[in-house]
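Please look over the model before reading on.

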Amino acid sequence: MPAIRNALIWDAGRDRAEYGDIVVKDGFISSVTAPKEAKEPILYDCKGKCLVLPGLVNAHTHVSMTLLRGLGEELPLMEWLQKKIFPVEDRLTAQNIRSGADLAIMEMLAAGVTCFADMYYFMDEVAMSVLESGIRAALCRGLVGDDPVKLAENLALAETYNGREGRITVQLGPHATYTVQPSALEQIAATARDKNLGIHFHWLETKSELDLLRNEYKTEPADYLEKTGLLGVKELILAHCVWHPAEQLPAVARDNVTFVHNPKSNMKLGSGYAPVREFMSSGVRVALGTDGAASNNRLDLWDEMRFAALIHKGYNLDPTIAGARDILKMATVNGSYGAGFKDAGYIRAGQRADMVIVDMDNPRYVGCDPGNVPEFVVYAGSSRDVRATVVDGKVLYRDGEFATLDSEKILAAASRDRRILAG
Ligand SMILES: [Zn+2]
């Protein structure tokens, strides 16, 4: 039973951070004691100079798109997808998916990310990368059109990996309203309910999707989610939600629904400002994601937190919107819960031991005290300050070194694959 010793501890359940020791047993936190009290062997000695937060969760991404980073910059979503992204995706092999996933997990672990929710294909490769690296993930096979083969692949993924080592959940992955017809969506939702699986779906990323619902399907967003059966699935991860109308929010403020805010991708693709203030005042759970590396172009939740906390204040001319505490809650427990890991996201006994250890002994943290941790993390903090990343009580990253990843090999494989793909 090792312990993280003498850390300044914050999670979304605390008004103020507190100094303490965190004792870990069998992948879970077994107790949080007063500082320097734990007698257990030391997993990490913070010496009162490190902050410990729950692990950050990237609640919507496409990890293997790290190989597509920088392809087709500064184009509108549809043109970008059709001219630049889809043609390369048509050529991706299982090996490419694996090397892109390994690369992304390396980037995320070094930035304190302990869990991610992913939609793509050849997802067995991503699952293997998750299992070998030690990170946690919610995975789905992206479903386009009405394709029984892809649905069968998604179900096989669930059969093989759902619940594996307590580190993987599997959802069904209908891609978006503009790629999956309502009848196919109904079928997928019925299958998800039947198999007790969640759904991960791109939702109202651009205005054209709202227009499609209103003009073609003659329906409003919440009614569409209800009618197709999506609202009734185990966990519904809705990525983007930029154009979800405010008056349609109360109907989706449910325990099984999570909106994933991807502010940098939305800004980069010119999709719009998600009404985050309205999401929060309606009681909708909001998590944070980066989306794929081709539209961000980082997989860095620190960057996403800071961006989310700033843009809504400027856009609404109101500095009280998207406060640091709410943003840090989005990036931690809201993401874990939304991804189907309901026992992760807080630092207390009984929770999964997923944590990020942050160096406070640097210029950015002078003035940080137990009363202002979220504000320092969100406005001043940076992924550069991450000292260690812990998943299930195992230190997967520490001071530039990866316990489970061969970083040189991963960089070489990804560089080779990228050269072939872009060539
Ligand atoms: Zn996406």
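Helices (H or I, at least four residues) and strands (E, at least two) are DSSP runs, numbered from the N terminus.

## Basis

This is a predicted model: local features need pLDDT of at least 70, side-chain atom pairs count only at pLDDT 80 or more, and totals for chains, interfaces and linings use all residues. Residues are numbered from 1 along each chain as its sequence is written.

## M280 in helix α9

M280 sits in helix α9, residues 276-281. A residue is buried if 20 or more other C-beta atoms lie within 10 Å of its own, exposed if 12 or fewer, and partly exposed in between; C-beta atoms are placed from the backbone. M280 has 18 other C-beta atoms within 10 Å, so M280 is partly exposed.

Two residues are in contact if their C-beta atoms, placed from the backbone, lie within 7 Å. Not counting residues up to four places away in sequence, M280 touches V286 and D326. D102 is 178 residues from M280 in sequence, and their C-alpha atoms are 34 Å apart.

## Two domains

Domain bounds come from an automatic or database domain assignment. Domain 1 takes in 3-55 + 346-402, and domain 2 covers 56-338. Their centres, taken over C-alpha atoms, are 28 Å apart. In the contact are 24 residues from domain 1 and 27 residues from domain 2.

Which elements give two or more residues to the side of domain 1 that touches domain 2? They are β5 (50-54), α12 (373-380), β15 (386-391) and β16 (394-398). Of these, α12 gives the most, with five residues. By class, this side of domain 1 has 14 nonpolar, five polar and five charged residues. Ala, Val, Leu, Ile, Met, Phe, Trp, Tyr, Cys and Pro count as nonpolar, Asp, Glu, Lys and Arg as charged, and the others, Gly among them, as polar.

## Nonpolar core

A nonpolar core is a set of buried Ala, Val, Leu, Ile, Met, Phe, Trp, Tyr and Cys residues joined through C-beta atoms within 7 Å. The largest one has 136 residues. I22, L51, V52, L139 and M305 touch the most other members. Helix α2 (residues 94-110) supplies the largest share, nine residues. Domain 1 and domain 2 each give this core at least three residues.

V52 touches I4, A7, I9, I22, C46, I347, M355 and I357, not counting residues up to four places away in sequence.

The expected span of a helix is 1.5 Å times one less than its number of residues. Helix α10 (residues 301-316) has 16 residues and reaches 23 Å from its first C-alpha to its last, close to the 22 Å expected. Its buried residues are L301, W302, E304, M305, R306, F307, A308, A309 and H312. Just after α10, L317 has a positive phi of about 55 degrees.

Helix α13 (residues 407-422) also has 16 residues and reaches 22 Å, close to the 22 Å expected. I410, A414, D417 and R418 are buried in α13. Seen down the helix axis, these fall within an arc of 105 degrees, so they line one face of α13. The arc is that of the directions from the helix axis to the C-beta atoms. The face turned away from the buried side carries the exposed residues E408, K409, A412, S415, R419 and I420. What covers the buried residues of α13 includes α2.

## P148 in helix α4

P148 lies in helix α4 (residues 148-161). Is P148 buried or exposed? P148 is exposed, because 8 other C-beta atoms lie within 10 Å. The C-alpha atoms of P148 and G173 are separated by 13 Å, at 25 residues apart along the chain.
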